[in-house]
Amino acid sequence: MKIPSSILTLLVGIGITLVSLWYGQNHNLLPVAATEQAAEVDGLFDIMMTISFGLVLLVEGVLVVAAIKFRRRPDDNTDAAPIHGNIPLEIVWTAIPAVIVLGIGIYSFEIYNNMGGLDPMASGQHSMHAHGNMKGSAIAAPLIDGQDSPELTQIALGIGASPSQEGKAAAVNVDVTGLQFAWIFNYKETGINAGELHVPVGQEVQLNMSAQDVIHAFWIPQLRLKQDTIPGRITELRFTPNKLGTYPIVCAELCGSYHGAMRSQMIVDTPEDYQAWVAENLVASNPDLQKAVAINPTELSEGEFLAPYANEMGINSDVITQIDHHS
C-alpha cells in the first residue's frame, strides 16, 4: 500500500521532532552545573541543541533522499527537467530560520536579565577615579590647571545582582586581578590575598575584576560564566555556588606566551570549611606572626642571636660558670 506523501511527511516530521527532543535533553555535552544561574544557561543550550539537531536531521535527510531518488540511472544521458525556482518554498525556508533566531535572541536576553546582566545604559556607574591609583591600571586622566579633571565614570560590565537580589550586598566580595600569567584574589574585608578562589556554598559571591597588563578572560565552565578583565576598567561577576567541589579557572583570552598556563581553581567549601580557611589565612597573614617567623638578625642583640646556636652545642649557664671558674 502506498502511503500518501502528506501522511509520510507528517510521520517524518513527528519522528524528527521526537529524536531532536530526546537528544536536546540527553546530549551530555556540558560539565556539571555548579551555580544557580547555570540552570538557566543549560536550559537555553538544550533548546538550541534540540533545534539545531532537528535541522541537521531534516537537511541531511533531504540531501540523502534526493541523492538516492534523483540519481542518474544507468544509460540515462538526458538532461534533467529545468527548474526556475519556487517562491513559496524560498519564503518558508527564509522565514522559519528568521523566526527561530529571533525567538532564541529574545529568550537569551531574558535569561541574561534574570541572571543579573548589567544594562550598559541604566545600571551602576563605577567610578574610574576610585580605581585610578590601582597598580597596573591604564587610566589616563587629563589635567586642568594642575588639578585632576572632574570624576569620570564608566559603564558597568558583566553579571550583577539578579532581580531578586537587587540592592542587596553579596555575602562574599573578592577583588580579582588578572596578570601575565596568574590570577590574584584579594578578600578586602579580611585582607587575605590568595592564588586560588575559596567561596562558601549557598552564599552569593561578587567578583570585582580588573587586569594589570593586557585583556584576560575569567572563565569557569561549571559556572557557565565568562567575563573579560580589562586594564583600567572594573568588570563584575555575581553568582551563587550550589555544589561543593573544586573547579578550574582558566584564561579564555590569548594573553601572551604562557596563556595556556594561566590557570587557578575555585574551591566551593561548606560554610564551616570556608570560615576555617579564612581563620587559617588570617593567622598566616598576621604581621606580628610574620615578624616572629621571619626575624631580622640585625635587630637582635649578640645574646639573642647566639642563643639558638648555644642550645644546639649544649652550652648553658653552668658550663659558662665552670669555664669561668677554671680560667
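What share of the 327 residues in the protein chain is buried? Buried residues, meaning those under 20% relative accessible area with a 1.4 Å probe on protein chains only, make up 28% of the chain.

The model is predicted, so local features need pLDDT of at least 70 and side-chain atom pairs count only at pLDDT 80 or more, whereas totals for chains, interfaces and linings use all residues. Residues are numbered from 1 along each chain as its sequence is written, and side-chain values use heavy atoms, without hydrogens or water.

The protein chain holds seven helices and 15 strands, taken as DSSP runs (helices H or I, at least four residues; strands E, at least two) numbered from the N terminus. Of the contacts (heavy atoms within 4.5 Å) with a separation of 6 or more, 70% join residues 24 or more positions apart.

Helices H1 and H2 pack against each other.

| Helix | Residues | Residues in the contact |
|---|---|---|
| H1 | 5-25 | Ile16, Val19, Ser20, Leu21, Tyr23, Gly24, Gln25 |
| H2 | 36-69 | Asp46, Met49, Thr50, Phe53, Gly54, Leu57, Leu58 |

The axes of H1 and H2, 8 Å apart, form an angle of about 140 degrees.

Beyond its neighbours within four places in sequence, Met266 is in contact with residues including Leu197, Ile220, Phe239 and Tyr247.

Definitions and conventions. Axes fitted to C-alpha atoms, helices over the stretch in contact; angles between N-to-C directions. Buried < 20%, exposed > 50% of the residue type's maximum accessible area, 1.4 Å probe, protein only.
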